[in-house]
Amino acid sequence: MDKMVLAADLGGTNLRMAVIGENGETRYRSRSSTPTSRRREDVVELLVSSARECIDAIRPLGAVSAFGIAAPAVLDHEAGRILVAPNLPELNDFSLAPAISGVLGLDVFLENDANAAAIGENWMGASNGYSSSICVTLGTGVGGGVIIDGKPLRGIDGTAGEIGHICVEPFGHPCGCGSLGCLEQYSSATAVVRIARELQSSFPDSRATAGLDTTSLEVYNAAVSGDALAREVFRKFGFYLGVALGGLINVLNPEVIVIGGGASESWDLFIEPLTSEIRKRAFKRPADRVSIVKAKLGDDAGILGVARLAFSSSNIGLAV
Ligand SMILES: [Zn+2]
């Protein structure tokens, strides 16, 4: 009988769930909208009903042995407890894993979504075969996950890896976390739009920010077609990401840095200023050693990461 686990990526908008086999193969998938009611019990009910749908669907193949959930939250992995979830505040201070485990009768493991993506890329994606890696997810915000000597770096409270909140500009733009000048205020899709607006007066001939509802995709398209303002936005994007990664390279000496997320599609526009900044700032040996690569797993990185955790945590023979 196949060994399988259940894996979920719980986002602010969608819940994606899959049954994953021990070689990372997807046996079944489901997708639903995250409840907008802001009621904790509705989120729990959706997780349970989706899990039961998946378990029923693969019953002819066998049973799942554990359940991993990736959540966009600061959380206590050991206790399975969400501490703060900015996009799902109904789950703040909630022991989600024990609640789901009690209903389903399965071991349930909870992991931060960016850590899960780092573990997923390490298992089946761009950092496979490397023991020390950093994974940066560039989306609406900037997520980070660090794996050192084969183990996810969690820190004493489980909050480690928040690369998006490294300060890159001490008196810079205010961040949702309460600090100033965090990386995600410069190298995210949200930042692309804001910085394009900020630069408008310096580039009066640019058409990149013609409308108030300009999107990051429009700024990207303008940059690709040569617009000077839009290109400057992505130069800054790469510069600030390079500042942060240069520091991380000096501290952690990783073998590989994986860059993923929707905003990483602008790779060709930011990679040169990024690597140039790393060369200027990081020590030569770790800077020469590290590879900077694109993520391979797209939206599946988090699901595969918690699947891997579920396999290893339920003692089926994989070690993270
Ligand atoms: Zn911040």
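Modeller: Two residues are in contact here if their C-beta atoms, placed from the backbone, lie within 7 Å. Keep in mind that this is a predicted model.

Biologist: Okay, which residues in H1 meet H2?

Modeller: On the H2 side, the partners are Ala99, Ile100, Val103 and Leu104. Residues three or four places apart on an α-helix point the same way, because there are 3.6 residues a turn. The H1 residues are Val44, Leu47, Val48 and Ala51.

Biologist: What classes of residue make up the contact of H1 with H2?

Modeller: No polar and no charged residues turn up in that contact. What's there is eight nonpolar residues.

Biologist: And is H1 parallel or oblique to H2?

Modeller: H1 covers residues 40-57 and H2 covers residues 96-104, with their axes 10 Å apart. The two pack at an angle of about 45°. Angles under 35 degrees count as roughly parallel and 65 to 115 as roughly perpendicular, so H1 is oblique to H2.

Biologist: Is the crossing of H1 and H2 left-handed or right-handed?

Modeller: Take the pair with the angle of about 45°. The crossing of H1 and H2 is right-handed.

Biologist: Moving on to H6, how far does the helix reach from its first C-alpha to its last?

Modeller: H6 runs over residues 228-252, 25 residues in total. At 1.5 Å a residue you'd expect 36 Å, and the model comes close to that. After the helix comes Asn253, with a positive phi near 50°. The reach of H6 itself is 35 Å.

Biologist: How far apart are the axes of H6 and H7?

Modeller: H7 spans residues 267-281 and packs on H6 at an angle of about 35°. Their crossing is right-handed. The axes are 7 Å apart.

Biologist: Zooming out, which strand gives the largest share of the side of domain 1 that touches domain 2?

Modeller: Domain 1 is 4-113 + 299-313 and domain 2 is 126-295, with C-alpha centres 28 Å apart. Eight residues of domain 1 are in contact with seven of domain 2. The domain 1 side has four nonpolar, one polar and three charged residues. Three residues of that side come from residues 74-76, strand S5.

Technical notes. Residues are numbered from 1 along each chain as its sequence is written. This is a predicted model: local features need pLDDT of at least 70, side-chain atom pairs count only at pLDDT 80 or more; totals for chains, interfaces and linings use all residues. Helices (H or I, at least four residues) and strands (E, at least two) are DSSP runs, numbered from the N terminus. The expected span of a helix is 1.5 Å times one less than its number of residues. Domain bounds come from an automatic or database domain assignment. Ala, Val, Leu, Ile, Met, Phe, Trp, Tyr, Cys and Pro count as nonpolar, Asp, Glu, Lys and Arg as charged, and the others, Gly among them, as polar. Axes are lines fitted to C-alpha atoms, for helices over the stretch in contact, and angles run from 0 to 180 degrees between N-to-C directions. Angles under 35 degrees count as roughly parallel, over 145 as roughly antiparallel, 65 to 115 as roughly perpendicular and the rest as oblique. A crossing is left-handed if the near helix is turned anticlockwise from the far one by less than a right angle, and right-handed if clockwise.
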